[in-house]
Amino acid sequence: MTPSSNPFRDATRFERRVRPCALVIFGANGDLTKRKLIPALYRLAYEHRLPPGFAVVGNSRTEMTHEQFRDKMREAVLEFTEETPFEEKIWNDLATGLYYDSGDLKDAGCYTRIKARLQEIEHSRQTGGNILFYLSTQPSHYRAVIHGLGVANLAKPGNGAWRRIVVEKPFGHDLASARELDDAIPRVFNEEQVYRIDHYLGKETVQNILAFRFGNSIFEPLWNRNYISSVQITAAESIGVEGRGAYYQEAGALRDMIQNHLLQIMATVAMEPPAAFEAQTVRDERAKLLRSIRPFTHDEVRLNAVAGQYGPCRVGGQALAGFREESGVNPEAQTDTYAAVTFTVDNWRWAGVPFYIRSGKRMTKRVTDIAIRFHSAPHSPFQTGNHDSASWAGPNLLVLRVQPEEGITLRFLSKLPGSGMKLRPVEMDFKYGSSFGMRSPAAYETLLVDALTGDATLYTRRDMVEASWEAVHPIMEVWQNTKKEFPNYEAGSWGPKASDEMLGRRGHSWRVP
C-alpha cells in the first residue's frame, strides 16, 4: 500500500519540522523533566528535529542560575538517555537555549518575569512568539498556573504566532475535580490549545494498533464479537511504590493506571475506523467508544471489579515489604495497589465481549500487553485420542506487546511433524527492533513533537477524560465505602484470588504473559 492510498498514513506527519518556538516547563526541577522531557529534547536535537533558536525556560521554586540549570540537565541527559550517543556539540547547542527563572506559582510576579524572559528570547533567538507551556507540577498547582498565564496575557498569541499548553495526568482526582479543572481551563485557553498528555498513547505499539487494524484487510473483518471472545489488557509492574508511598496512598491502581492509560488503550483497540488519521476524527472515535462503556450499578461493581493490595513476601531469598510497611504509608491504608475490572461495551461490534483490564504493583514481572482471544473453531475434525489436550485448550491469540519489548505475536494451531493429526500451538513473532533495525522513538519524543507542531491526534480531549472518569466512578464509590480485607496478594505474585474468580465466572482465565 502506498502512502497516498492509505488514509491513515499522513506522509508528512513524521517528517514535519518544528517551527521556531520556546518551551516553558513549570516544575522543571522535578523528576519528569529530568527523566523524560530534557532527555527527549536531546534525542530530538541529535536527530536534527528541533529548529534553530529553540529555547526552554524552566521554572520551579528552587533558586538556580541558568548555568546551574544547564549543568543539572546535562547530568540528566547523561543518566537517562538511552541508545543515543552523547555528543558535546549537540548538547552545547541545545544548552545555550536553556534558561531558568525561579518563582512561586501563586505569585503574579513569577509570570511577569517569565513573560519578560520570553520577550527577550523572542528577540534574541527569533522564536516568533510561539510558545508551548508544559505543566509538570503537582496537579494541585494546575489551576494556579493557568490563572497566572491568563492574568499575564501569555495564553493569547498575536501576529500569527501560536500558544499551547500541555497538561500532565492525572486530570483530576475524581469525576467532580476533573470537571472543575476542565471548567477552569477554557477561561484562559481554547480547547484546541489544550493538549492533555497520556504518554501511553505515544508508545509505538499503541500507535501501531491503528496501523495493524486499519492498514491490513486480513484483520479488521475479524475485529468484532463474531470472532473475538475476550480482550485482556495487562499493565504489571514488578516494583513497589519506590519511595512514593505518600503520593500513591492517595492515588491507587484504579486512578493511576486504569482510569487514564488503560482505558485509552482499550478505546484504541475497540474504536470504530476513523475517516482519516487526524486529530478530530481519531479522537471522535475514541470518545465514542469510551461513552459506550456500560456503567456499573453498585451491585455490579462487586462482581466486576477487584481491588488488591500487596503484602510482604520473600522472593529469591529477598524479603519484600508489603505496601503498609512502605515509607510514608498508613499501616491501615485501604489503597488499591492492584485493580482488575471487567468492562463491557454497548455497541454492535462488541456486544457481549468482556474487556478484562488489570494493573498492579509488586507483581511477578514488568509487562504491558494486550491479548486478543479469538473464539475456538465451531467444529473440529481433529478431536481424536492422539491430540495434546493441554495444547488443544489454547485458543488462537493475538498479543500486542507494549513493554518492555515492543512487538506483536500471533498464536495458532499447527500439525506436529509425524503420523497422525496431533496439533500444537505455534507462534509468529514480530519485534520492532529486529524488524526495522532502528530505534523506536520514546513516547515523550513523539508527543513533544506533536504538541510543538500542533497535532493533537495522540492527546486526550475533555470529553474523553470525563467519559473515562464516568466509567470508573461507580467503582470508586463502592470501594471508598467498603472496608477491604488487605493485604490480599503476596508481593511477587499475579494478584489476588478474587481476580481469578472474576474471570472464572465467565469461563475465562488470566493469561500468564
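In the predicted model, isoleucine 228 stands opposite phenylalanine 374 of strand 14. This position belongs to an antiparallel pairing between strand 7 and strand 14 (residues 367-374), which extends over eight bridges. Within the pairing, threonine 368 of strand 14 is the bridge partner of alanine 235. Strand 7 (residues 228-236) also pairs with strand 13 (residues 355-360), here in the parallel sense and over six bridges. Strand 7 is mostly covered, with nine of its nine residues buried.

Serine 229 is located in strand 7. Its relative accessibility is 17%, and serine 229 therefore counts as buried, the limit being under 20%. Apart from neighbours within four places in sequence, serine 229 is in contact with Val353, Pro354, Arg373, Phe374, His375 and His508. For proline 354, which lies 125 residues from serine 229 along the chain, the separation of the two C-alpha atoms is 7.6 Å.

Strand 14 is likewise mostly covered, as eight of its eight residues are buried. In a regular strand, side chains alternate between the two faces of the sheet. In strand 14, Val367, Asp369, Ala371 and Arg373 point one way, Thr368, Ile370, Ile372 and Phe374 point the other way, and all are buried. Besides its pairing with strand 7, strand 14 is joined by six bridges to strand 15 (residues 397-403), and these two strands run antiparallel. Alanine 371 stands opposite valine 399 of strand 15.

Two helices were examined for burial. Helix 7 (residues 204-214) is mostly covered, with 10 of its 11 residues buried. The buried residues of helix 7 include Glu204, Gln207, Asn208 and Arg213, together with Val206, Ile209, Leu210, Phe212 and Phe214. In helix 2 (residues 66-80), the buried residues are Phe69, Arg70, Met73, Ala76 and Val77. Viewed down the axis of helix 2, these buried residues fall within an arc of 120°, so they line one face of the helix. The elements covering them include helix 1 (31-46), strand 2 (55-59), helix 3 (88-95) and strand 3 (98-100). The length of helix 2 agrees with expectation, because its 15 residues should span 21 Å at 1.5 Å a residue and its end C-alpha atoms are 21 Å apart.

Aromatic contacts were considered next. The count comes to 16 aromatic pairs. In one of them, the ring centres of tyrosine 310 and tyrosine 489 are 6.4 Å apart and the ring planes are at 65°, so the pair is edge-to-face; planes over 60 degrees apart count as such. The pair links distant parts of the chain, since tyrosine 310 is in strand 9 (residues 310-311) and tyrosine 489 is in strand 18 (residues 489-490), 179 residues apart. Tyrosine 310 counts as buried at 0% relative accessibility, and tyrosine 489 is buried with a relative accessible area of 5%. Both tyrosines belong to one aromatic cluster formed by Tyr248, Tyr310, Phe323, Tyr338 and Tyr489.

Charged side chains also lie over aromatic rings. Arginine 164 is placed over the face of tryptophan 162, at 3.9 Å from the ring centre. The charged end of lysine 203 sits over the ring of tyrosine 200, 5.3 Å from the centre of that ring.

Definitions and conventions: Residues are numbered from 1 along each chain as its sequence is written. This is a predicted model: local features need pLDDT of at least 70, side-chain atom pairs count only at pLDDT 80 or more; totals for chains, interfaces and linings use all residues. Side-chain values use heavy atoms; hydrogens and water are left out. Buried means under 20% relative accessible area, exposed over 50%, partly exposed in between (1.4 Å probe, protein chains only). Helices (H or I, at least four residues) and strands (E, at least two) are DSSP runs, numbered from the N terminus. Two strands pair if DSSP finds at least two bridges between them. The expected span of a helix is 1.5 Å times one less than its number of residues. The arc is that of the directions from the helix axis to the C-beta atoms. Contact means heavy atoms within 4.5 Å. Rings of Phe, Tyr and Trp (its six-membered ring) pair if their centres lie within 6.5 Å; planes under 30 degrees apart count as stacked, over 60 as edge-to-face and the rest as tilted. A charge sits over a ring if NZ of Lys or CZ of Arg is within 6 Å of the ring centre and within 35 degrees of the ring normal.
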